[in-house]
Each structure stands twice: as structure tokens, then as C-alpha cells.
Amino acid sequence: MKIFQQMLQLRERRRGFHLITAEVANALPQISEIKTGICQVFIQHTSASLAINENADPTVRQDFEMFFSKTVPENDPDYLHDDEGPDDMPAHLKAALLGSSVTIPIRNGRFALGMWQGIYLCEHRNYGGSRTLVITAWGE
């Protein structure tokens with residue numbers, strides 16, 4: 001079995017849902033050595049998350065942002081944790097709903113994503129800064 005791991009520093013992005021599939025794949029070219037395996041991508045932050053979803057139509061990503069902004073609004077007077085501004089606690093809640101990692105099968109040296117699937121960086125802060133991912137792939 002082969003195991004590979006790489007850290008990836010993503011540039012700062014505005015709040016929203018951003019496709020990062022190519023960046024993740026390029027960060028760990030050793031995936032090409034794995035015929036059958038798994039890749040886990042983990043984000044080391046509590047106010048951003050990862051997801052897999054539609055990679056073709058950008059309106060899907062806009063609708064994701066609209067839905068989560070409506071579902072977890074800013075400026076809720078019941079929030080206690082607001083040290084870093086009105087988007088602070090909502091960002092943590094959105095990250096908890098979506099999760100901190102995605103798992104992708106590897107088949108013949110490539111991600112076995114569906115035709116219309118891509119990896120999203122879900123940035124929940126207005127100014128979240130750069131984000132760090134840990135990418136781990138293993139298999140035969």
C-alpha cells in the first residue's frame with residue numbers, strides 16, 4: 001500500500017462556494033501512482049468547510065450561498081460568540097453543517113468523481129483569509 005500526504009495553502013477567497021478540484025489534484029500528483037484507493041481532503045479551519053457538488057453551472061454555487069445565508073443568518077441576537085463580527089458564529093454553524101472533510105475514491109490514478117462533481121471550498125467568512133488543507137491519499 002502507498003500513502004501520500006500533502007498540505008495545500010489556498011489563497012484567500014471571498015465568501016461563497018468555490019471549485020478547488022484542480023488545485024487539490026495538482027497538489028498531490030502522486031495520486032497517479034494509485035490504481036485503487038481513497039483520498040481524504042481535510043480543512044484545518046472552523047469557519048470554512050468542504051463539500052462535493054455540481055461543478056458545471058456556477059448558479060448552483062450562488063444558490064448554495066443564498067440558501068446558507070438564509071438558513072443561518074447573521075446578527076441573530078441569541079448568538080453569544082460574536083468576537084470577530086456578525087459573520088463569526090454563522091460561519092462556525094455553516095461549517096458544522098457541511099463538514100470539515102470530503103472523501104473521494106481513486107480509480108486508475110485519478111479522482112473517481114462523477115461527471116458533474118467537483119470539490120468546493122465553502123468560505124463562510126466575509127474575510128476568512130487563506131485556508132489550509134491536508135490531502136491524504138492511500139491505496140494500491
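**Chatting through a predicted model**

Q: Let's start with Ala-95. Buried or exposed?
A: Ala-95 counts as buried, because its relative accessibility is 9% and the cut-off for buried is under 20%. Keep in mind that this is a predicted model.

Q: Where does Ala-95 lie?
A: Ala-95 is part of helix 3, which covers residues 88–98.

Q: And what does Ala-95 touch, if we skip residues up to four places away in sequence?
A: Ala-95 touches Thr-46, Ser-47, Ala-48, Ser-49 and His-124.

Q: How far apart are Ala-95 and His-45?
A: In sequence, 50 residues separate Ala-95 and His-45. In space, their C-alpha atoms are 8.7 Å apart.

Q: Let's zoom out. How many helices and strands does the protein have?
A: There are three helices and eight strands. Along the sequence they follow the pattern β-β-α-β-β-α-α-β-β-β-β.

Q: What does the C-alpha trace span along its principal axes?
A: The C-alpha trace spans about 50 × 30 × 20 Å.

Q: How much of the protein is buried?
A: Buried residues make up 41% of the 140 residues. As for the surface, the protein exposes about 7,700 Å². Carbon and sulfur atoms supply 52% of that area.

Q: What share of the contacts with a separation of 6 or more join residues 24 or more positions apart?
A: Those pairs account for 83% of such contacts.

Q: How many bridges do strand 5 and strand 6 pair over?
A: Strand 5 (residues 101–107) pairs with strand 6 over two bridges. In strand 6, Arg-110 is the bridge partner of Arg-107.

Q: Now Glu-123. Where is it, and is it buried or exposed?
A: Glu-123 is in strand 7, residues 117–123. Glu-123 is buried, because its relative accessible area is 0%.

Q: Which side chain does Glu-123 make a polar contact with?
A: The partner is Arg-131, at 2.8 Å, side chain to side chain. Leaving aside neighbours within four places in sequence, Glu-123 also has contacts including Arg-13, Arg-14, Arg-15, His-18 and Glu-65.

Q: What about Pro-29, buried or exposed?
A: Pro-29 counts as exposed, because its relative accessibility is 52% and exposed means over 50%. Pro-29 is in the loop between helix 1 (21–27) and strand 3 (36–43). Its C-alpha is 9.9 Å from that of Gln-6, which is 23 residues away along the chain.

Q: Last topic, aromatics. How many aromatic pairs are there?
A: The count comes to six aromatic pairs. In one of them, the rings of Phe-64 and Tyr-120 have centres 5.7 Å apart and planes at 80°, so that pair is edge-to-face.

Q: Which parts of the chain does the pair link?
A: It links distant parts: Phe-64 in helix 2 (residues 58–71) and Tyr-120 in strand 7, 56 residues apart. Phe-64 and Tyr-120 are buried.

Q: Which residues do ring pairs link into a cluster?
A: The cluster holds Phe-17, Phe-64, Phe-67, Phe-68 and Tyr-120.

Note on methods. Residues numbered from 1 in each chain as written. Predicted model: local features only at pLDDT ≥ 70, side-chain atom pairs only at ≥ 80, totals over all residues. Heavy atoms only, no water. Helix = DSSP H or I, 4+ residues; strand = E, 2+ residues; numbered from the N terminus. Buried < 20%, exposed > 50% of the residue type's maximum accessible area, 1.4 Å probe, protein only. Polar contact = N/O pair within 3.5 Å; in protein donor to acceptor, adjacent residues only side chain to side chain. Contact = heavy atoms within 4.5 Å. Pairing = 2+ DSSP bridges. Areas by Shrake-Rupley, 256 points an atom, 1.4 Å probe, with all protein chains shown as cover. Phe/Tyr/Trp six-rings, centres within 6.5 Å; stacked < 30°, edge-to-face > 60°.
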